[in-house]
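Q: I would like to learn how to read aromatic ring pairs in a protein model. Could you show me the structure and walk me through it?

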Amino acid sequence: MTLTIVGLGPGDPDDLTRRAWKALSEADEVYLRTRHHPTVEHLPAGPELHSFDEVYETAESFDAVYDTIVDRLLKIAASGRDIVYAVPGDPMVAEGTVTRILERAAGQGVDVQIVNGVSFVEPTLALIGVDALPGLQLVDAIDVAVAYHPPINPDYPALVAQVYSRQVASDVKLTLMNQYADDHPVWLVRAAGTAEQSAQEMPLYEIDRQPVDHLTALYVPPVPAGGGKVPIATSFEGFQNTIAHLRAPEGCPWDREQTHETLRQHLWRRPLR
Ligand SMILES: C[S@@+](CC[C@H](N)C(=O)[O-])C[C@H]1O[C@@H](n2cnc3c(N)ncnc32)[C@H](O)[C@@H]1O
């Protein structure tokens with residue numbers, strides 16, 4: 001009744017951890033979220049491999065895909081079998097099925113073990129040469145694509161996962177342009193951590209004119225702070241910090257005295273016609 005969830009790393013078989021290799025070697029059956037991952041063809045011989053790729057082709061949404069996969073895995077594990085479920089990268093990075101399994105497993109009497117892997121984040125950062133600190137934001141291209149304004153703080157870098165089609169790249173671009181300049185420099189990263197890895201710097205408006213696939217992510221550097229003695233942040237959070245500073249004991253006496261009532265007179269009102 002144990003469901004072991006194994007991270008397969010970013011795509012180079014050398015990045016499989018020893019713990020992952022052991023769990024995969026000792027399994028009778030391995031359920032792959034997808035066969036479309038470079039490490040799959042280098043898995044240890046022995047276990048019977050199954051994949052959920054056909055679910056992606058028939059279900060209407062990612063939510064439906066994830067629910068179907070989780071239903072099937074928990075049903076098999078709850079029937080008394082120990083099984084291995086293998087996912088690309090790390091199980092705890094952008095894996096919608098894993099969080100659902102963790103929420104539901106205990107209720108069905110299934111024990112869950114996580115075997116971590118190297119996620120796509122580490123080789124992507126190595127390829128671009130940046131550190132995750134300070135403030136790297138990890139966001140889903142699907143969430144960006146459907147938004148009107150990017151759910152990203154532009155004072156900090158962001159890594160956008162799931163840029164898997166030109167349509168998604170185009171929708172992501174349009175949303176990002178509500179915050180970033182059209183020619184804001186970004187990096188399109190493909191297959192980081194594998195022999196085919198590439199990272200291309202380009203202006204934002206170009207991202208939907210490039211080939212993208214299921215191993216493509218977009219790195220968005222922060223908007224540089226404005227010039228002058230005091231760096232001026234771009235984000236709404238930066239503006240909130242400025243106001244909080246002005247209203248703090250060591251801030252500005254005028255700002256500290258203001259209320260909504262006193263500020264009303266400074267609001268500009270369009271004359272009624
Ligand atoms: C559903 S997420 C799964 C992430 C995985 N759990 C991990 O830890 O790497 C899939 C997305 O991760 C990104 N990705 C996965 N492998 C990648 C790689 N080797 N290079 C760049 N991006 C990658 C792509 O944006 C892809 O659409």
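A: Gladly! Let us begin with accessibility: buried means under 20% relative accessible area, exposed means over 50%, and partly exposed lies in between (1.4 Å probe, protein chains only). This is a predicted model, where local features need pLDDT of at least 70, side-chain atom pairs count only at pLDDT 80 or more, and totals for chains, interfaces and linings use all residues. Residues are numbered from 1 along each chain as its sequence is written, and side-chain values use heavy atoms, leaving out hydrogens and water.

Q: How is a pair of aromatic rings described?

A: By the distance of the centres and the angle of the planes. Rings of Phe, Tyr and Trp (its six-membered ring) pair if their centres lie within 6.5 Å; planes under 30 degrees apart are stacked, over 60 edge-to-face, and the rest tilted. Here that rule gives 6 aromatic pairs.

Q: Why is the pair of Phe-62 and Tyr-66 stacked?

A: Their planes are at 20°, with the ring centres 6.0 Å apart, so the pair counts as stacked. Both residues sit in helix 3 (residues 62-78), 4 residues apart, about one turn of the helix. Helices are DSSP runs (H or I, at least four residues), numbered from the N terminus. Tyr-66 is buried at 13% relative accessible area, while Phe-62 is partly exposed at 28%.

Q: Which residues do ring pairs link into a cluster?

A: Tyr-56, Phe-62, Tyr-66 and Tyr-164.

Technical notes
Helix = DSSP H or I, 4+ residues; strand = E, 2+ residues; numbered from the N terminus.
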